[in-house]
Amino acid sequence: MIITKNTIIGDILDTDGSVAPFFLEIGMHCLGCPSARGETIEEACMVHGTNADELVAKLNKHFGNE
């Protein structure tokens with residue numbers, strides 16, 4: 001899976017739930033919320049005041065897309 005800032009969080013979690021801690025460690029504790037699952041990485045990072053590019057890079061590294 002290739003991750004971009006426009007990737008939906010729910011799609012990522014459905015593909016590999018083991019990445020949930022990546023979201024939790026930057027303050028996204030609402031992963032089970034239906035609206036959170038429908039947000040893009042960019043939208044969620046904007047709401048939580050975190051860097052979307054850093055999270056995208058970390059997720060792509062996890063998925064082997066360096």
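I counted as a salt bridge a side-chain nitrogen of Lys or Arg within 4 Å of a carboxyl oxygen of Asp or Glu.

Basis of the entries. I worked from a predicted model, in which local features need pLDDT of at least 70 and side-chain atom pairs count only at pLDDT 80 or more, while totals for chains, interfaces and linings use all residues. Residues are numbered from 1 along each chain as its sequence is written, and side-chain values use heavy atoms, with hydrogens and water left out.

Entry 1, lysine 5. Which residues did I find linked in a network of salt bridges? They are Lys5, Glu42 and Asp53. I looked up glutamate 42 with lysine 5 and found the closest N and O atoms 4.0 Å apart. Glutamate 42 sits in helix H4 (residues 41–48) and lysine 5 in the segment before helix H1 (9–15), 37 residues apart. For helices I used DSSP runs (H or I, at least four residues; strands are E, at least two), numbered from the N terminus. I then looked up lysine 5 with aspartate 53, where the closest N and O atoms are 3.5 Å apart.

I took buried as under 20% relative accessible area, exposed as over 50%, and partly exposed as in between (1.4 Å probe, protein chains only). Lysine 5 is partly exposed at 31%, glutamate 42 is partly exposed at 38%, and aspartate 53 is partly exposed at 47%.

Aspartate 14 is in helix H1 and arginine 37 in helix H3 (residues 34–37), 23 residues apart. Aspartate 14 is exposed, with a relative accessible area of 56%, whereas arginine 37 is partly exposed at 28%.

I searched for cavities, meaning sets of points on a 1 Å grid over the protein atoms alone where a 1.4 Å probe fits but cannot get out. The structure holds one cavity of 30 Å³ or more. I noted that residues with an atom within 4 Å of a point count as lining. The lining includes Ile9, Met28, Leu31, Glu39 and His48.

How values were computed. 1 Å grid on protein atoms, 1.4 Å probe; cavity = no way out; pocket = protein on both sides within 12 Å on 5 of 7 lines; lining within 4 Å. Points joined across faces, edges and corners; volume = space filled by probe spheres on them.
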